[in-house]
Amino acid sequence: MTALLPVFGLIVLGAILARIGPLGDDGWRAVEQLTYWLLLPALLVLKLGGTDLSDYTVGPMVIAMAGAVIIATVCLLAVYRLTGIGGPAYTSVIQGAIRQNTYIGVASVGALYGEAGEALAAVGIAAVIPLVNSISIWVLTRMAGRDPVTGLRVLWAMLKNPIFVACMLGIALNASGIGIHPMVAEGLDKLAGGALALGLLAVGAGLRFAVLRTGWPALLLSNAVKLVALPALTMALAIPLGLTGVPLAVAVLFNALPSSASSYVFARQLGGDHELMAAILTTQVIMAAVTLPAFLAAV
């Protein structure tokens, strides 16, 4: 779809600038941190707190997205021993299969469905981020030889996640009827204006082609689940629930996205195979340029 060309165009531009531009690794890391901690949260609070979602079917969308993630995770765990892939590497397979890149998702639905799409995307983010983060922490601590996970540890990880906190704040403002004061909304809008462009550039800058040497069976398994099986499962769950139109498209699109860059951070911090994770992230962005439009056309 032509509406997605600017999204992937900015990713390509970020990859080029990372290699020939004025910013080094530290500069791009600063861009990513600024976007992650401030600009994208501002966008999510604005969309969730200031948009009327009463005309949309949100419940079935959330059920379809979360249900597909849970089914995919259970299936991957069931075949773990059969794959012959080691524990640390398999944590990267699972992370790559269930997480979503928020920057690409919000930019894509904005280009395709406007402000309503962005608000629904924010609802989906609020529903899925706690789930995929909890699963990722549990899998990493169980398979990578670190301390066993506890409910308190998962909760603390959620409270440190600025995307999750922003979503909860936006939902609270919307549900309470308080909304967002026009002056605050104007400030948030100015912050949010740079979120997606900088986020997409940072996605491109984070691509690591040098790691595409080994681990192809694990990489292909993760990519097949993430880019094909997960969106197909989402569609299979959503349609019987009566989901149609933009909510259906947003649900399928978000579960068809390449995995989040935070997967790499989790892998490094919790003992996963971070090099395999980098390879999965890089190839998924490339492959999603084909699979994402295909699923949107199917919807």
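Colleague: Which helix supplies the largest share of the nonpolar patch?
Modeller: Bear in mind that this is a predicted model: local features need pLDDT of at least 70 and side-chain atom pairs pLDDT 80 or more, while totals for chains, interfaces and linings use all residues. Residues are numbered from 1 along each chain as its sequence is written, and side-chain values use heavy atoms, with hydrogens and water left out. Helices here are DSSP runs of H or I, at least four residues, numbered from the N terminus. Three residues of the patch, its largest share, come from helix α2 (residues 25–50).

Colleague: What is the area of that patch made by Leu-34, Trp-37, Leu-38 and Leu-191?
Modeller: A patch takes residues with over 30% relative accessible area and no salt bridge, joining nonpolar side chains (Val, Leu, Ile, Met, Phe, Trp, Tyr) within 5 Å and like charges within 9 Å. Areas come from Shrake-Rupley with a 1.4 Å probe, and for residues only the protein chains shown count as cover. Leu-34, a member of the patch, sits in α2 and is partly exposed at 43% relative accessible area. Together, the four residues make a nonpolar surface of about 360 Å².

Colleague: How many salt bridges does a search of the whole structure find?
Modeller: The test is a Lys or Arg side-chain nitrogen within 4 Å of an Asp or Glu carboxyl oxygen. Asp-26 pairs with Arg-29 at 2.8 Å, both in helix α2 and three residues apart. Glu-118 pairs with Lys-47 at 2.9 Å, tying helix α6 to helix α2 across 71 residues of chain. For the whole structure, the search gives two.

Colleague: Are Glu-118 and Lys-47 buried or exposed?
Modeller: Buried means under 20% relative accessible area, exposed over 50%, partly exposed in between (1.4 Å probe, protein chains only). Glu-118 and Lys-47 are both buried.

Colleague: Where is the kink in α6 centred?
Modeller: Of its 42 residues, 31 are buried. A bend is the angle between axes fitted to the seven residues ending at a residue and the seven starting there. The kink, about 145°, is centred on Tyr-113.

Technical notes
Helix = DSSP H or I, 4+ residues; strand = E, 2+ residues; numbered from the N terminus.
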